[in-house]
There are 2 protein chains.
Amino acid sequence: MRLKELSERSGVSTATIKYYLRERLLPPGERVSATQAEYGEEHLRRLRLVRALIQVGRVPVATAREVLETAEDESLSQNTRMGAAVWALPHGPEPAEDDPETEEARRQVDALLERLGWTYGQELGDTFPAYGMLVAAIASLARLGYPHETDHLLLHARLAAELAVADLDLVEKYGGSPTERIEAVVALTVLYEPVLLALRRLAETEESGRRFTD
Amino acid sequence: MRLKELSERSGVSTATIKYYLRERLLPPGERVSATQAEYGEEHLRRLRLVRALIQVGRVPVATAREVLETAEDESLSQNTRMGAAVWALPHGPEPAEDDPETEEARRQVDALLERLGWTYGQELGDTFPAYGMLVAAIASLARLGYPHETDHLLLHARLAAELAVADLDLVEKYGGSPTERIEAVVALTVLYEPVLLALRRLAETEESGRRFTD
């Protein structure tokens, strides 16, 4: 298909597609004349993922390029490709250093991962941004004096694992090449975050309404 | 306690506390001389919540003031106080208007809330920001061609409800006045969001590692 059709089918303006091409977020089309190129289904698929990362995940352009290059690098193992993609998502402030709450939170996270048998997170530890994000969040709870018992964290982890199983079932149901599957996992990870937060806020309000009626 | 002790016990600098006092995020202390005021445990508690909202929840100062004033307004019902506080949390872009994906997402959310029996969300609908956030997130999934089946959303909702029950159990266990309970629900809603997202990213990586090994 030509640029115009790619724009119509993706809902992305031709100016934005040209910008993504210049920034190498999209691979170039196949040149058919001096001024025209032909694009395929893989461009359409890639465009969807770029928009998921940039518009919903608020990933900076340079980071998005890195995520996509890693996800598609067939010389790497699928594990590495997948890990590196989730890695690059924005993850808030780094945990503070040399701070008793951070040290305690780190011990708590390590114990939690071991108890869950999450070997990937254990091996990568500190180098994995979601690990640092979790440590920082638990240290905040401790510093502000709010409860952060391991049982309560375990419940969150167990439910997160249940969501991951359902997401991966969905990805496997849709099939596709290894690259397509990795891209789908990244997209679902990003796109379901606001769904989950919104539902949780609704649920918290619902549950408090049920208990705290005057 | 004096300002200096309030600063030491809360870990917030005296300059920041003075700023919060000027911005009416903290009620004034009891004047004991022309230059000194006495602060109580309620100032310490309030200061924790202010930091949770501003530092972790990234709530703007003016919004934080509104959340706190509503949460403490004893002329309102507890339900309203709680709802209004969660209401004010940042919730991303508004859903697009007059757009087929948004209309379809709205129908899907309404059906979901009805099936869940979440009456609060149903009654408030569009005026509740978490509702709009959910509609916008589902419309994004649809627009980008990613799966958003009702069953998958129901699973997320069911798990969110389980978390809400556990959070509220925790709040009830800690006890306190109605105002303290409302404040605790707001703080837990905000502070556990990064915990949940980090655990979900770890779980997604873990589960893909388990399935997609080379």
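1. A word on terms to begin: the copies here are superposed by least squares on the C-alpha atoms of residues with pLDDT of at least 70 in both. Please keep in mind that this is a predicted model.

2. With that superposition, chain B can be laid on chain A with an RMSD of 0.0 Å, by a turn of 180° and a shift of 0.0 Å along the axis. The two chains are therefore related by a two-fold axis. If you want a landmark in chain B, look at B:Leu159, whose C-alpha comes closest of that chain's residues to the rotation axis, at 3.1 Å.

3. Now the packing. The largest nonpolar core has 131 residues, and those touching the most other members are A:Leu53, B:Leu53 and B:Val195. Leaving aside residues up to four places away in sequence, B:Val195 touches A:Leu134, A:Ala137, A:Ile138, A:Leu141 and A:Leu153. There is also a second, separate core of 10 residues, with A:Ala166, B:Leu159, B:Leu163 and B:Leu196 among them.

4. On the fold of chain A, you will find 10 helices and two strands, in the order α-α-β-β-α-α-α-α-α-α-α-α along the sequence. Its C-alpha trace spans about 65 × 45 × 30 Å along the principal axes. Of the 214 residues in chain A, 53% are buried.

5. Finally, the surface and charges. Chain A exposes about 9,500 Å², with carbon and sulfur atoms supplying 49% of it. Chain A carries 25 positive and 36 negative charges, and their mean positions are 8 Å apart.

Methods:
Residues numbered from 1 in each chain as written. Chains lettered and ligands numbered in written order. Predicted model: local features only at pLDDT ≥ 70, side-chain atom pairs only at ≥ 80, totals over all residues. Heavy atoms only, no water. Core = buried A, V, L, I, M, F, W, Y, C linked by side-chain atoms within 4.5 Å. Buried < 20%, exposed > 50% of the residue type's maximum accessible area, 1.4 Å probe, protein only. Contact = heavy atoms within 4.5 Å. Helix = DSSP H or I, 4+ residues; strand = E, 2+ residues; numbered from the N terminus. Areas by Shrake-Rupley, 256 points an atom, 1.4 Å probe, with all protein chains shown as cover. Lys, Arg positive; Asp, Glu negative; His and termini not counted. Charge placed at Lys NZ, Arg CZ, Asp CG, Glu CD.
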